[in-house]
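Subject: Model with ligand, for your files

Hello,

Here is the structure I said I would pass on.

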Amino acid sequence: MLTISPSDRVFVLAGAGVSAESGIPTFRGVNGLWRNYRIEEVASPHAWNRDPRLIWEFYSMRRRVAAAAKPNPAHFALAKLEQTLGERMFLCTQNVDNLHEQAGSKNVIHMHGELFKSRCDRCNLPPFRDTNIYDPPAELPRCDCGGRIRPHICWFGEVPFDLDRIFHALDECTVFMAVGTSGVVEPAASFVAHVGGRARTIYIGAEEPANASAFTGCHLGKAGEILPRLLSE
Ligand code: APR
């Protein structure tokens with residue numbers, strides 16, 4: 001069981017492994033998204049300029065899969081921890097699905113964006129809720145300004161969202177917990193090194209992440225099985 005004292009501040013970094021048991025494929029695991037799709041074709045600004053229809057086919061597929069998914073015990077355990085700790089918990093997810101929110105988490109930082117939001121690639125229209133599927137022959141969405149509407153996702157080569165708030169919370173945390181992330185994508189993969197030596201650092205996941213040596217504790221297995229146990233009162 002993870003001991004959390006009344007003065008502890010907990011930073012949780014969630015990855016695709018947290019949603020795996022909900023039926024959402026990871027990126028680099030067996031049958032992962034990047035085994036079936038080429039990043040440079042579906043997840044970069046260059047790809048967007050080259051073939052926006054292919055991009056929308058890819059994210060429409062991901063919207064369909066995510067819309068059918070339900071939160072699993074890992075999501076509920078994190079939502080319950082937030083209830084217990086309140087503002088002493090900071091939940092930063094790399095996932096773009098909304099399963100944390102469906103499980104009841106209130107303060108979720110989506111550093112890589114949100115699948116069910118879109119925005120204009122030209123004007124400053126704030127990201128807006130968009131659950132539409134844009135498969136051929138559907139028209140690709142346009143903004144009133146004439147710009148193209150794109151998925152509100154942080155693509156490779158783009159800067160993740162809310163980094164100021166994230167690093168502020170990293171500087172304050174006394175417990176850093178990473179769950180279901182392979183530790184290969186920056187800047188998230190370096191968060192543990194950023195807090196190392198000052199905070200307790202715990203990894204929970206199906207296999208050792210690439211940055212395993214940076215953690216003081218490691219619990220291997222399914223997040224949906226380990227988290228409820230580890231976070232039980
Ligand atoms: N419980 C816990 N961990 C799991 C489970 C599970 N049920 N199933 C798989 N895992 C682990 C895998 O062992 C792997 O280490 O989850 C990790 C998922 O790794 P990735 O697929 O690389 O996903 P992630 O680390 O979240 O990717 C980071 O990369 O592609 C970009 O923007 C995308 O947010 C994503 C980022």
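In this predicted model, three strands make up an open sheet, in the order β5-β4-β6, with antiparallel pairing. The two edge strands are β5 (128–129) and β6, each of which pairs on one side only. Strands of a sheet pair through backbone hydrogen bonds, in either a parallel or an antiparallel arrangement.

On one side, β4 and β5 are joined antiparallel over 2 bridges. K117 has R129 in β5 as its bridge partner. For G113, the bridge partner in β6 is I153. Although β6 is an edge strand, its residues are covered: of the 5 in the strand (149–153), 5 are buried.

The ligand is found in the largest pocket. The elements contributing two or more residues to the shell around the ligand are α1 (16–20) and β8 (200–205). Of the elements, α1 gives the most, with 3 residues. In total 23 residues surround the ligand, and the closest are R28, W34, T181, S182 and E207.

- R28: an N or O atom in the side chain lies 2.7 Å from an oxygen atom of the ligand.
- A223: a polar backbone atom is 2.9 Å from a nitrogen atom of the ligand.

On its own the ligand has 740 Å² of accessible area, and the protein covers 92% of that.

Last, a loop residue. Where does S190 lie? S190 is in the loop that runs between β7 (175–179) and α9 (191–195). Why does S190 count as partly exposed? Its relative accessibility is 33%, and the partly exposed class covers values between the 20% limit for buried and the 50% limit for exposed. S190 and A214 are 24 residues apart along the chain, and their C-alpha atoms are separated by 9.2 Å.

Regards

How values were computed: Residues are numbered from 1 along each chain as its sequence is written. This is a predicted model: local features need pLDDT of at least 70, side-chain atom pairs count only at pLDDT 80 or more; totals for chains, interfaces and linings use all residues. Side-chain values use heavy atoms; hydrogens and water are left out. Buried means under 20% relative accessible area, exposed over 50%, partly exposed in between (1.4 Å probe, protein chains only). Helices (H or I, at least four residues) and strands (E, at least two) are DSSP runs, numbered from the N terminus. Two strands pair if DSSP finds at least two bridges between them. A residue is near a molecule or strand if one of its heavy atoms lies within 4 Å of it. A polar contact is a pair of N or O atoms within 3.5 Å; within protein, one must be able to donate a hydrogen and the other to accept it, and residues adjacent in sequence count only if both atoms are side-chain atoms. Accessible areas come from the Shrake-Rupley method with a 1.4 Å probe; for residues, only the protein chains shown count as cover. On a 1 Å grid over the protein atoms alone, a cavity is a set of points where a 1.4 Å probe fits but cannot get out, and a pocket is an open set with protein on both sides within 12 Å along at least five of seven lines; lining residues have an atom within 4 Å of a point. A molecule sits in a cavity or pocket if more than half of its atoms lie within 2 Å of its grid points.
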